[in-house]
Amino acid sequence: VPPAEEGGAGSGLSSIQLRSAPRPMSAAMPRFAAPPGYRFLRKLGGGDDAAVYDAVSPGGDAVAVKVLSKSADEAVMTRFRRELAAGLAVRHPHLVRIDDGNADGPPYFLVMERVPGDSLKKRVVTNGRMAVPVALGVARQIADALAVLHAAGFVHADVKPANVVVPTPGRAVLVDLGFAHRPGELNFVLGTANYLAPELCAAPA
């Protein structure tokens, strides 16, 4: 997912879209400690509370790792735990895969697949309107991913073009589980204003 695009889950990235020129590691970055056995290659994005790195797993696989800052507050930790729980609960070819993570004590991290390619937002901005059959294919794939997520008891809460990555022509992947939660769990609304369901924006009766 593109770093900080349209105010995603805020404190760092919840899934990764590879950029053509990621920032190299610098001496200032180690405040986000690498999980044991993982080797950070470069920073892909993030903010004050979390960062995502291009990394190598203990088994030598290329992955993306999200780590929380030691200064992350309880609200950030709560969202992180929801993100990790949702990601570990679901497997679907059109939903970003989360393979591992730790929310019990520092270092707090989650390990996810790297999803190469541009976001749907960037594709449309660059290439213009999609052909109807292609758009319908993307919509069907994302709907299938959401159905599986809902069946596991979670809502995504931030479906938008910036959170759909197109790794190859004809394939779409829904990313960024940073706002995922269980229905009824919150007493406030999470999401990106321009893409919220209308009923969520209605004033209470």
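This is a predicted model: local features need pLDDT of at least 70, side-chain atom pairs count only at pLDDT 80 or more; totals for chains, interfaces and linings use all residues.
Trainee: What volume does the largest pocket have, and which residues are closest to its centre?
Mentor: Start with the space itself: the volume of the largest pocket is about 300 Å³. Its lining has 21 residues, and the closest to the centre are Ala157, His181, Leu190, Leu196 and Leu200.

Trainee: Okay, which element gives the largest share of the lining of the second largest pocket?
Mentor: This pocket has a volume of about 190 Å³. It is lined by 14 residues, with Arg123, Asn127, Met130, Val134 and Val166 nearest its centre. Two elements give two or more residues each, helix H3 (132-151) and helix H2 (120-127). The largest share, four residues, comes from H2.

Trainee: Is Ser69 buried or exposed?
Mentor: Ser69 sits in the loop between strand S5 (62-68) and helix H1 (74-89). Its side chain makes a polar contact with the side chain of Ser71, at 2.8 Å. Buried means under 20% relative accessible area, and Ser69 has 5%, so it is buried.

Trainee: How many aromatic pairs are there, and what kind is the one between Tyr38 and Phe109?
Mentor: The count comes to two aromatic pairs. Tyr38 and Phe109 lie 6.2 Å apart, centre to centre, with 55 degrees between the planes. They are 71 residues apart in the chain, with Tyr38 in the loop between strands S2 and S3 and Phe109 in strand S7. Stacked needs under 30 degrees and edge-to-face over 60, so the pair is tilted.

Trainee: What about Phe40 and Tyr53: what kind of pair do they form?
Mentor: Their ring centres are 4.1 Å apart, with 5 degrees between the planes. Phe40 is in strand S3 and Tyr53 in strand S4, 13 residues apart, and both are buried. Planes under 30 degrees apart count as stacked, so this pair is stacked.

Trainee: Last one: which residue lies over the face of Phe154?
Mentor: Look from the ring centre of Phe154 and go 4.1 Å. Over the face there, you find Arg182.

Methods. Residues are numbered from 1 along each chain as its sequence is written. Side-chain values use heavy atoms; hydrogens and water are left out. On a 1 Å grid over the protein atoms alone, a cavity is a set of points where a 1.4 Å probe fits but cannot get out, and a pocket is an open set with protein on both sides within 12 Å along at least five of seven lines; lining residues have an atom within 4 Å of a point. Grid points are joined across faces, edges and corners, and a volume is the space filled by probe spheres set on the points. Buried means under 20% relative accessible area, exposed over 50%, partly exposed in between (1.4 Å probe, protein chains only). A polar contact is a pair of N or O atoms within 3.5 Å; within protein, one must be able to donate a hydrogen and the other to accept it, and residues adjacent in sequence count only if both atoms are side-chain atoms. Rings of Phe, Tyr and Trp (its six-membered ring) pair if their centres lie within 6.5 Å; planes under 30 degrees apart count as stacked, over 60 as edge-to-face and the rest as tilted. A charge sits over a ring if NZ of Lys or CZ of Arg is within 6 Å of the ring centre and within 35 degrees of the ring normal.
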